[in-house]
Amino acid sequence: MNRLPAGLYQPGDSVVHRLDAAAKLLCLLLLLAAVVNTAAPAGYGVWVLLLALLIRLARIPPRTALASAAGLGWFFLLILLMNLCFYAPEQAWVSVWIFRPSSAGLLQGLRVAARVFLLLVMSNVLMVSTPPLALTGAFERLLSPLRFIGVPTELAAMILSVAIQFIPTLLEETDGIRKAQTARGARFDSPNLWEKGKAVLPLLAPVFVAAFQRADELSLAMEARGYRADIRRGRKKYPPFRACDWLALSLCAAAAVIFIIIR
Amino acid sequence: MSVELRNVSCVYAPGTPYETRAVTELSLTIRDGEFAGVMGKTGCGKSTMIQLIAGLMRPSGGQILLDGQDINGKNFDRDGLRRRVGVVFQFPEIQLFETTVKRDVAFGLRHFGWTEEEKESSVREALERMGFSYEAVKDKSPLGFSGGEKRRLAVAGVLAARPELLILDEPLAGLDPLGREALLTLLGELNRDGTTILMVSHDADTLAEYADRIILLKDGRLFRDGPAAEVFADYDALKDNGIGVCRVREAAEALRRRGWEIPAGTVRYGQLLDEIAGRWRQ
Ligand SMILES: Nc1ncnc2c1ncn2[C@@H]1O[C@H](COP(=O)(O)OP(=O)(O)O)[C@@H](O)[C@H]1O
Ligand SMILES: [Mg+2]
């Protein structure tokens, strides 16, 4: 693993890095709402430009930003083909067995693929530019109103933050096990799909065992240090949004409104 | 099997804020049949170096040659490399996954084109070498054993392929004294039978006892390289770099300073005892 996994936080001091995590999360939601409501192909052209601008502002290497969508070529192709063949059967050019390809289907396929792509890359920019703990803090903050209707938001946030902190450890462990099994003759990189498939068990079985062991140890350690899920802790104070946070929110809200209105 | 590193470098996550130079312009040679010990502070690149040698990662620069052949060259036989080089990773017990001990130990042998009899005899020999009775354990689940036993099972899984080069990454960490002794004795035997051994350890006294040669790394570079007596002579350099000192050598030196005639370069425990006993009798 000479390369880093997609979505790993990369410290920086760009405008995007400095935004409040909760504001960033809201911005992402607004942008996603706008993306999903974009219908015109030209609209997607605009989105690609905006995305490029965002990546530039965040000063993230383009390769890092696009890493979440890289390697999903097959997935995009599948989306495209499914829509092409099944989306608008009544306008089909030809009909072969159950397949009814149409130009409306092609357009829809491109649209959906573009949405998924934008969604993946935008979320990735958020993950790469925000420390994981700030991100879980933001979740907790945005969910905190739900406390009033009895949702255990603190607990949810704790679970989320523990899970997120586990990811790098698990990735590291997976990488170690993959190397150990490779050294023993497992063939993860074989072009032969059958060989590849057979290599899954030697990898996954130890990873699961390790994950459960870790979870066990961690829960013991947390209890030993006095953590109790049923004790209420004091309310957290969140810093108020600053001018730049409000500015980012307004821009994203404006984008959402514009795209939803003109579609 | 001989190993040669020529100017090898390895960088993790290049071009990101996490960029780490784990190994830098490292050159060294390990001769066929040698028992080499590798030491150095945590994070100095020991694990990276052995993964490079085992062909599990590509170096960012330089060449790695096994028996004179570049392992990252175009025509290199990588399946052959897997068979001829065995790696015992840190905490190898985690790699056990099969339903029975026999299947797990035989896991590495699937691609070698061995007959069932050859496989079985190799598995039997590896398990017996690690102190198990083949008949008693072969059909048990490997996950049901204790920590130390699992470690021995995992090592058996590596030995079953009869590697010519055996690489071990801190294999003694967390073993009880009996387990340590047994593993070290086994490594000594394998080495006598011609297996080249490369072992990472923090225990200077153990390496002094078993290794022909000590390789010290510091910040990904070669810091010292030579026989234990020579490398461990530099007490201050070892201390300052957080590398364990060889207590036997320190004891020998202390006695020498008090006028005992103990040869310089005494690093083995047995050697020191003999010297002391010899002096006593006089
Ligand atoms: N998978 C990895 N990704 C990024 N950096 C790594 C990885 N593995 C090791 N490193 C870094 O490379 C350096 C050398 O590590 P390693 O070879 O494991 O040292 P050692 O085994 O001597 O403790 C350390 O600084 C470590 O943080
Ligand atoms: Mg290590």
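**Across the interface**

Modeller: D104(B) and R184(A) join their side chains in a salt bridge, 3.0 Å from N to O. This is a predicted model: local features need pLDDT of at least 70, side-chain atom pairs count only at pLDDT 80 or more, and totals for chains, interfaces and linings use all residues. Side-chain values use heavy atoms, without hydrogens and water.

Colleague: Why is the pair D104(B) and R184(A) called a salt bridge?

Modeller: The rule asks for a side-chain nitrogen of Lys or Arg within 4 Å of a carboxyl oxygen of Asp or Glu. The N to O distance here is 3.0 Å, so the pair qualifies. Across the interface of chain B and chain A, the rule finds two salt bridges.

Colleague: How many residues of chain B are in contact with chain A?

Modeller: 28 residues of chain B are in contact with 25 residues of chain A. Contact means heavy atoms within 4.5 Å.

**The sheet**

Colleague: What makes β7 and β8 of chain B a pair?

Modeller: Two strands (DSSP runs of E, at least two residues, numbered from the N terminus) pair if DSSP finds at least two bridges between them. Strands β7 (residues 165-169) and β8 (residues 196-200) of chain B have five bridges, in the parallel sense, so they pair.

Colleague: Why are β6 and β10 of chain B at the edges?

Modeller: The open sheet runs β6-β7-β8-β3-β9-β10 in chain B, with mixed pairing. β6 (85-88) and β10 (221-226) of chain B each have a single partner strand, so one side of each lacks a neighbour in the sheet.

How values were computed:
Residues numbered from 1 in each chain as written. Chains lettered and ligands numbered in written order. Helix = DSSP H or I, 4+ residues; strand = E, 2+ residues; numbered from the N terminus.
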